Amino acid sequence: MTSAGIGARLVGRGRELKLFAGLLEAIRNGHGSALVLVGEAGVGKTALLNEFVIVAAEPRTLRVSGFPTERELPFAALHQLCRPMLDQLDRLPGPQREALRTTFGMQAGIVPDPLVVGLAALTLLADVAAERPLLCVVDDAQWLDEASARTLAFVARRLTAEPVAMIFAVREEAQDTRRILRGLPELSIAGLEQADARQLLASAVRWPLDDGVRDAFLAEARGNPLALLELPIARSPVDLAGGFGLPSVEPLSSRAEGSLLRIIDELPEESRMLLLLAAADPVGDAVLLWRAARCLGLSRDVLDPVEAKGLLQIGVRVVFRHTLARSAVYRTASPADRRRAHWAIAEATDEAADPDRRVWHRAHATAGTDEPIAAELVTAAGRAQKRGGLAAVAVFLDRAAELTADPVRRADRLLAAARATYRAGSPDRACGLLAAAEADSPDALHTAKCGLLRAQMSFASIRSAEAPALLTEAARRLEDLDVGWARETYLEAFSAGVLAGPLAVGTGLADVAIAASEAPSPARAPSTVDLLLGGLSALYAKGFQSGAPLVRRALRGLDRDDTTNGEAVHLAYIVSQAAQTVWDDEVWNALTSRYLHHARAAGALAALPQLLQQRTALHLHQGELAQAAELLEEVEVIETATSVARPIAVTLAVAAWHGREAVVSELRQTVVRQATARGEGATLTLAHLCDAVLNNGLGRYPQAMAASEQATVSPVESAYVGWALAELVEAAVRGGDQHRAVEALNRLAARTSPSGTEWARGVEARARALVACGPDAEPLYREAIERLSRCRGAFSRARAHQVYGEWLRVRGRKDEARIQLETAYEMFRRFGAEAFAERARDELAKCGATIRAKVATTAELTAQQRQIARRARDGRSNAEIGAELFLSARTVEWHLRKVFAKLGIANRRELRGLLLDGDPVRRS
């Protein structure tokens, strides 16, 4: 249907209706799409959505509206949208089915991973749409609960081959919600053109209107349809024609709301109460509404005046004439009337079926403090954690604190709400709760806990340089109050110190180490956490010779400790950095994998970007560049699900290891600027390390040497300094600066020798071979290859083969050189390390080897297509692939068809002959 055939009920919206007709055509052809309508209150977003629903006769329509009082009930809007489809849950894969059933309170269970909830919602919509195209309409998105908003945005971004269209309407000033919806196509809904505004005004004012009054009215309304329609209703023809009673200078939304309120004020008192009941519970359940009405002694007759005014319709669902009417009714009702309405809804709600919603309404029906209801809210927080994660916990604890009279209990509940909100990825909101908790602090221990949380939040904020000092001070305050907590806080101070590096303000790593070493010992037997604290204190105060063995022993203890759980996720950064610093890639892999699992299970989205960054570095170390690139997409998903900024250095690192000079050049300065501004010395070191790796791969040794020297300025900084020292040795040797090479080797050996791992000894042997003169180098090259083959460092091993082959070629041993260089070339080609592969090809050519033409690799498929192709090659079903990549099975199939076309094959079986460890190549 074209726009010419729709929209007879609207004035001047041809562009929007034409665009919607295109969306309808897309889903009829099996393609998903999304659109965000953005505009001021009253500009006509809801009218457009209503029109879309009317004209979309063929697709099935699901609709949900946000409402202020529902914003703090996690997944309330998602439940409302999915409720008509819940009978289809049994068709979902088991983990997804269980995630939605738990999220919607249909069963008890562990906290679902937010990403699994999103995938389950996507699969459910795609499954239903397979029978009939689906239109999902989300009005007043600025008032959606945050969990639903993030989940629906997640789904909308993944609509590809599903016949589903999602349309959001959001106010332009709602920046938080618009950030959540960022990346989706936006359509700005402006006021009507002058001619259209005149036509609409004429439809509302059917009596003669003075030209001057009309022009002034049109100018003040600025084309806003709600103002044009609603404001004249409450004014007489005489007033308007005579120039009196013109709209005031109040904000437009207030003027429009005022006209609605004048209509509402004309209603009988009982009819107004019915309106308030409908406004207080936006689920739109007509049966619940009438049950609540009976609790207040309201008969069905009170609906007649409301319907006569066109304010409300009650059928199977309760629908307001305009969402501003709902807001106006609730906001302007007296507190006493609002409490009566919530009390009635609570009484009408089945406690067994929906205990959380019932206690939530009971809490809003309560004036002052009420410990029994506050305690029920705390219990509801426990249920909410099992169903919706940390964000759900926070909102119940926040309201519980408001109802709590006891100052100690109130402060504890506020602090717990702040902590849960912060861990759930909403630091701004957490700051407000923390400020309230600090204001009510009843004792020194609570004050210290508040200081600790504030320091932890600063670690994740733009003030990373100040975090080591704040966390060290928080640990000192806790020493006399809780020794165990103080010692864990010192570990967090080490995390902040490693990240800040030389950019730390006031307190650096050495200062943290001294303070931690002087902390009281625990009364109990030392735990693995205590051992790690002691090891780090020795490492950063006395050096690698004293500290590295202690750190390795503690990390191995953590690896064996099966009791490690989600509460330890906040230690993941220092654990990962410590493992890299002491060159223990086995424990690095084991512990980051475990922490990542716990963070996902707990919904601790604030911790996930850093964890994913650590896993990305591990994949680079293992030569798994394609897998590292895949994690970038997940990091982007997390960024859209939280207000936590994505670490852009991850993208830089993956590009550098690939050898993509243009991408590195584009990102490098941005990373350096951001790291400097945030006080993240470790990120600054990583940026210089990436530059060194890229230039060593390209054979630009002077540039690699300069970048390596910048990365190795600090003697006790992050693990990346060790990596950069190895780069500096190679760059200096190849650049002819033996003195710098020897100096860098000595600094590297001071780190690797005390560690004693195969990784450390292999990297050291390679560096010693590069520096060695004459025949002494050869056994060192062989040792490096042998040791690196016994650890996870496949990338380092490939480079050992490469430099050994280059050494052999220079000495005229071309046949032996060819073996080493071909091994390096095949490894780099398989990794996707294009610069190092080209360097190996050039050396092979100098050996007289026949070099086959370059094969098409990463350029043939997109990153997502490569991920899907690899998994299909390995035998995974479309549903399994979708679950891993957060796509619907239908989208996976759509991408596979494109993969087959690009690679010139017909089916999955042929992928096995064309894919080498994740790098697709076209058949010649």
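The structure is a predicted model, in which local features require a pLDDT of at least 70 and side-chain atom pairs count only at pLDDT 80 or more, whereas totals for chains, interfaces and linings use all residues. Residues are numbered from 1 along each chain as its sequence is written, and side-chain values use heavy atoms, with hydrogens and water left out.

The protein chain contains 46 helices and 9 strands, where helices (H or I, at least four residues) and strands (E, at least two) are DSSP runs numbered from the N terminus. Of its 924 residues, 58% count as buried; here buried denotes under 20% relative accessible area, exposed over 50%, and partly exposed the range in between, computed with a 1.4 Å probe and protein chains only. The accessible surface of the protein chain comes to about 35500 Å², with 51% of it belonging to carbon and sulfur atoms; such areas come from the Shrake-Rupley method with a 1.4 Å probe, and for residues only the protein chains shown count as cover. Among contacts (heavy atoms within 4.5 Å) between residues at least 6 apart in sequence, 70% join residues at least 24 apart.

Two packed helices are described by the angle between their axes and the distance between the axes. The axes are lines fitted to C-alpha atoms, for helices over the stretch in contact, and the angles run from 0 to 180 degrees between N-to-C directions. Angles under 35 degrees count as roughly parallel, over 145 as roughly antiparallel, 65 to 115 as roughly perpendicular, and the rest as oblique.

For helix H39 (residues 758-771) and helix H40 (residues 777-788), the axes come within 8 Å and cross at roughly 155°, so that H39 and H40 are roughly antiparallel to each other. Their crossing is left-handed, a term that applies if the near helix is turned anticlockwise from the far one by less than a right angle, right-handed being the clockwise case. On the H39 side the contact involves Glu758, Trp759, Arg761, Gly762, Val763, Ala765, Arg766, Arg768, Ala769 and Leu770, which meet Ala777, Leu780, Tyr781, Glu783, Ala784, Arg787 and Leu788 of H40. The residues of this contact divide into 10 nonpolar, 1 polar and 6 charged, with Ala, Val, Leu, Ile, Met, Phe, Trp, Tyr, Cys and Pro counted as nonpolar, Asp, Glu, Lys and Arg as charged, and the others, Gly among them, as polar.

Helix H4 (residues 94-103) and helix H5 (residues 114-129) pack at an angle of about 105°, with their axes 9 Å apart, and are therefore roughly perpendicular to each other. In this pair, Pro95, Gln96, Ala99, Leu100 and Thr103 of H4 meet Val116, Val117, Leu119, Ala120, Ala121, Thr123 and Leu124 of H5, a set that comprises 9 nonpolar, 3 polar and no charged residues. Helix H5 also holds Gly118, which is buried at a relative accessible area of 1%. Residues up to four places away in sequence not being counted, Gly118 touches Thr151, Phe154 and Val155, and its C-alpha atom is 9.6 Å from that of Leu887, which is 769 residues apart from Gly118 in sequence.

The axes of helix H25 (residues 483-500) and helix H35 (residues 681-698) come within 4 Å and cross at roughly 40°, and the two helices are therefore oblique to each other. Val498, Leu499 and Ala500 of H25 make the contact with Gly681, Ala682 and Thr683 of H35, giving 4 nonpolar, 2 polar and no charged residues. Within H25, Leu491 is buried, with a relative accessible area of 0%. When residues up to four places away in sequence are not counted, Leu491 touches Val529, Leu532, Leu533, Leu536, Leu571 and Ile574; the C-alpha atoms of Leu491 and Leu533, 42 residues apart along the chain, are separated by 6.2 Å.

Positive phi values occur at two residues that are not glycines, Phe75 with about 65° and Asp140 with about 50°. Phe75 is found in the loop between strand E2 (60-65) and helix H3 (76-82) and counts as buried at 7% relative accessibility, while Asp140, in the loop between strand E3 (134-139) and helix H6 (146-157), is buried with a relative accessible area of 4%. Ser665, found in helix H34 (residues 661-678), counts as partly exposed at 43% relative accessibility.
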